[in-house]
Amino acid sequence: MKQKFSVIFLLMTVLFIVCLVASNLFATKVISIFGATLPGAVIIFPVSYILNDCFAEVWGYRKARLVIWTAFAMNFFVVIVGQIIVWLPAASFWDGAEHFNYVFNMAPRVAFASLLAFLAGSTLNAFVISKMKIAAHGKRFSVRAIISSIAGELLDSMIFMPIAFFGVPISVLLKMMLVQVTFKVCYEIVILPVTNRVVAALKRYEGIDVYDNGVSYNPFKIGDI
C-alpha cells in the first residue's frame, strides 16, 4: 500500500531546510536589538523551531525526526561544499574572495558545534512536544510549544556556545546563552497565535492528528517513518 504524498509536508520541509542553511549564513553578521548583541541568525532560526512544532504536532515524532535529519544532511552538504569552494583558487580578476571566505569559511569547530547543537536541540524539541501531547491528550498546544522550544533552545545553546566560543569566560557565555534563548523564545511566543492557526489548518487539510503511542524515540531510527 502506497503512503499518501503530502505536498504541504514537502514544502514545509524545504522551508525548514532553507531556514537552517540561511541561519548559518546570517550568523556571520552581528546585530544589535534594543542594546542586545545577537547574531543575525536569530531573525530566522526560531522559525525552524516553529516548523518543528508543526511537524511533531501534526505528523508526529517519526516524521519530525526524518525532517530534522534531512535538514542536518543538507546543511552538512552546504558546509562541505562551501569549504571546498573556499579552498579552490579564485580567478585573478575577482576581488570578492575576502568577503566570500568570511561568510563560507566556517571554522571546523564552529561548524561542528552548529550541526550538533541543531540536531540535539531540534530532536529534543520534537520529543518534548510529542510526549506532552500524549500526556495532555492533545490539548494545550500553546503551552507544549513554549515548553518544548525552551528545552530545545536551551540544549542548542548549551552545546553550541561552549564549543564555538571555547576560552570565553563562563560568565560571558552564560549571558550570551541567556540573551539568545530569551530572544528566541519571546520571538516564538509573539508568533504563537499564527502557529496555532497554522497547526489547526494543517490538521484539517491533511485530515490527521498523530499521537505517538508506541513510537520509538530513538533519534537514530531514521528509517522508521
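User: Which residues form one aromatic cluster?
Analyst: In this predicted model, the cluster is made of Phe-9, Phe-16, Phe-55, Trp-59 and Phe-118. Rings of Phe, Tyr and Trp (its six-membered ring) pair if their centres lie within 6.5 Å; planes under 30 degrees apart count as stacked, over 60 as edge-to-face and the rest as tilted.

User: What should I know about how the model was handled?
Analyst: Local features need pLDDT of at least 70 and side-chain atom pairs count only at pLDDT 80 or more, while totals for chains, interfaces and linings use all residues. Residues are numbered from 1 along each chain as its sequence is written, and side-chain values use heavy atoms, with hydrogens and water left out.

User: Okay. How many aromatic pairs are found in the whole structure?
Analyst: The search finds 11. One of them joins Phe-55 and Trp-59, and this pair is tilted, with 5.9 Å centre to centre and 45 degrees between the planes.

User: Where do Phe-55 and Trp-59 lie?
Analyst: Both belong to helix 2, 4 residues apart, which is about one turn of the helix. Helices (H or I, at least four residues) and strands (E, at least two) are DSSP runs, numbered from the N terminus.

User: Is Phe-55 buried or exposed?
Analyst: Phe-55 counts as buried because its relative accessibility is 1%. Trp-59 is buried too, at 7%. The cut-offs are under 20% relative accessible area for buried, over 50% for exposed, and partly exposed in between (1.4 Å probe, protein chains only).

User: And what about the rest of helix 2?
Analyst: Helix 2 is mostly covered, with 14 of its 15 residues buried. Pro-46 lies in this helix and counts as buried at 0% relative accessibility. Helix 2 covers residues 45-59 and reaches 21 Å from its first C-alpha to its last, close to the 21 Å expected at 1.5 Å a residue (that is 1.5 Å times one less than its number of residues). Just after helix 2, Gly-60 has a positive phi of about 95 degrees.

User: Back to charges and rings. Which ring does Lys-63 lie over?
Analyst: Lys-63 lies over the face of Phe-9, at 5.4 Å from the ring centre. Over the ring of Tyr-211 sits the charged end of Lys-133, 4.7 Å from the centre. The rule is that NZ of Lys or CZ of Arg is within 6 Å of the ring centre and within 35 degrees of the ring normal.

User: New topic: what is the volume of the largest pocket?
Analyst: About 900 Å³. Its lining has 34 residues, and Ala-27, Pro-39, Val-110, Phe-160 and Phe-165 lie nearest the centre.

User: How are pockets and cavities told apart?
Analyst: On a 1 Å grid over the protein atoms alone, a cavity is a set of points where a 1.4 Å probe fits but cannot get out, while a pocket is an open set with protein on both sides within 12 Å along at least five of seven lines; lining residues have an atom within 4 Å of a point. Grid points are joined across faces, edges and corners, and a volume is the space filled by probe spheres set on the points.

User: How many cavities of 30 Å³ or more are there?
Analyst: There are 2. The second largest cavity holds about 60 Å³ of space, and its lining includes Ile-50, Asp-53 and Thr-195.
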